[in-house]
Amino acid sequence: MRQTDQKGKGEVELANAQSIGLAVKATSPDRAERQLVEAAQGGDREAFSELVRLYDRSVLRIAMRILRSPDDAQDAYQDAFLKVYRKLHTFRFQCRFHTWLYRITTNTCLDQLRRRKARREFTTFESGDTPRLSPLDKATDARPSSAPDRVAGSGEISRRVERALDRLSDRERVVFTLRHYEGMRLREIGNACSISEDSAKQCLFRAHKKLRKELLDVRR
């Protein structure tokens, strides 16, 4: 009888331990992020500041890669987080928070590109003797995959890569940036760009094809 009781007690303890383990797993980065979002939606400014801290470099990198202008990237960065602050109460966790954030960021950047084209003003990186420090330099990422152009090296190769990226359409540049600089999956990219996963895949394929053509004679 005692053995039976001990066995039953052991099973209960095991079940409790497993439930604790599941609870620990549930307290994942996604769960912690959700708690921050919910707190920010409730008016917690510190929680919102923490969300900004978590994603400010990614947002700035995305803006810089799409707009190719330090000043425009800074403006888009500020506008994107302002929109997030104002619209945060509408977020219903139908996707991951960063996907929603990147959608706002890319739309903000695309709006800037449309305004730029309407004014027929095309800004590029400064090429003077004293290059200015761009926001991207302040928002570095240690991952090699986060900067393919850095992997390619400096000098002429880097300039060729930059020119090749300029050949991409706005949408192709967005998809290429999210895939290769932020490491997002095609499904997430589709959600962030408000297009299907298949459309994102086709867009990325076109971007790769254009880049291969532009860099055909480049050898590492």
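Reader: What sits over the ring of Phe93?

Author: The charged end of Arg34 does. It is 4.0 Å from the centre of the Phe93 ring. Keep in mind that this is a predicted model.

Reader: Where does Phe93 lie?

Author: Phe93 is in the loop between α4 and α5.

Reader: Where is Thr90?

Author: Thr90 is in the loop between α4 and α5. Thr90 is partly exposed, with a relative accessible area of 41%. Its C-alpha is 9.0 Å from that of Gln41, 49 residues away along the chain.

Reader: Back to rings. Which residues do ring pairs link into a cluster?

Author: Tyr55, Phe91, Phe93, Phe97, Trp100 and Tyr102.

Reader: And how many aromatic pairs are there in the whole structure?

Author: A search of the whole structure gives nine. One of them is Phe48 with Tyr85, an edge-to-face pair. Their ring centres are 5.1 Å apart, and the planes make an angle of 70°.

Reader: What does the pair of Phe48 and Tyr85 tie together?

Author: Parts that are 37 residues apart in sequence, because Phe48 lies in helix α3 (residues 45–67) and Tyr85 in helix α4 (residues 70–87). Phe48 is buried, at 14% relative accessible area. Tyr85 is partly exposed, at 47%.

Reader: What about Phe97 and Trp100, how are their rings arranged?

Author: They form a tilted pair. The centres are 5.9 Å apart, with 45° between the planes. Both residues lie in helix α5 (residues 97–119). They are three residues apart, about one turn of the helix. Phe97 is buried, and Trp100 is buried too.

Reader: New topic: helices. How many are there, and how many strands?

Author: Eleven helices and zero strands.

Reader: Let's take α4. How many residues, and what is its reach?

Author: α4 has 18 residues. From first C-alpha to last, α4 reaches 26 Å. That is close to the 26 Å expected at 1.5 Å a residue.

Reader: Which residues of α4 are buried?

Author: Pro70, Asp72, Ala73, Ala76, Tyr77, Ala80, Phe81 and Val84.

Reader: Now α11. What span should it have, and what does the model give?

Author: Helix α11 (residues 197–214) should span 26 Å, because it has 18 residues at 1.5 Å a residue. Its end C-alpha atoms are 26 Å apart, which agrees.

Reader: Which residues of α11 are buried?

Author: Ala200, Cys203, Leu204, Ala207 and Leu211. They sit on the same side of α11, because they cover an arc of only 100° around the axis.

Reader: What do the buried residues of α11 pack against?

Author: Three helices: α8 (156–166), α9 (170–180) and α10 (186–193). The face of α11 turned away from the buried side carries the exposed residues Asp198, Lys209 and Lys213.

Reader: Asp170 next. Which helix is it in?

Author: Asp170 is in α9. At 17% relative accessibility, Asp170 counts as buried, because buried means under 20%. Asp170 touches Leu110, Leu113 and Lys117, leaving out residues up to four places away in sequence.

Reader: Last one. How much of the whole protein is buried?

Author: Buried residues make up 37% of the 220 residues. The protein exposes about 14,000 Å², and carbon and sulfur atoms supply 50% of that.

Reader: And the contacts?

Author: Take contacts between residues at least 6 apart in sequence. Of these, 69% join residues at least 24 apart.

Technical notes: Residues numbered from 1 in each chain as written. Predicted model: local features only at pLDDT ≥ 70, side-chain atom pairs only at ≥ 80, totals over all residues. Heavy atoms only, no water. Phe/Tyr/Trp six-rings, centres within 6.5 Å; stacked < 30°, edge-to-face > 60°. Helix = DSSP H or I, 4+ residues; strand = E, 2+ residues; numbered from the N terminus. Buried < 20%, exposed > 50% of the residue type's maximum accessible area, 1.4 Å probe, protein only. Lys NZ or Arg CZ within 6 Å of the ring centre and 35° of its normal. Expected span 1.5 Å × (residues − 1). Arc of directions from axis to C-beta. Contact = heavy atoms within 4.5 Å. Areas by Shrake-Rupley, 256 points an atom, 1.4 Å probe, with all protein chains shown as cover.
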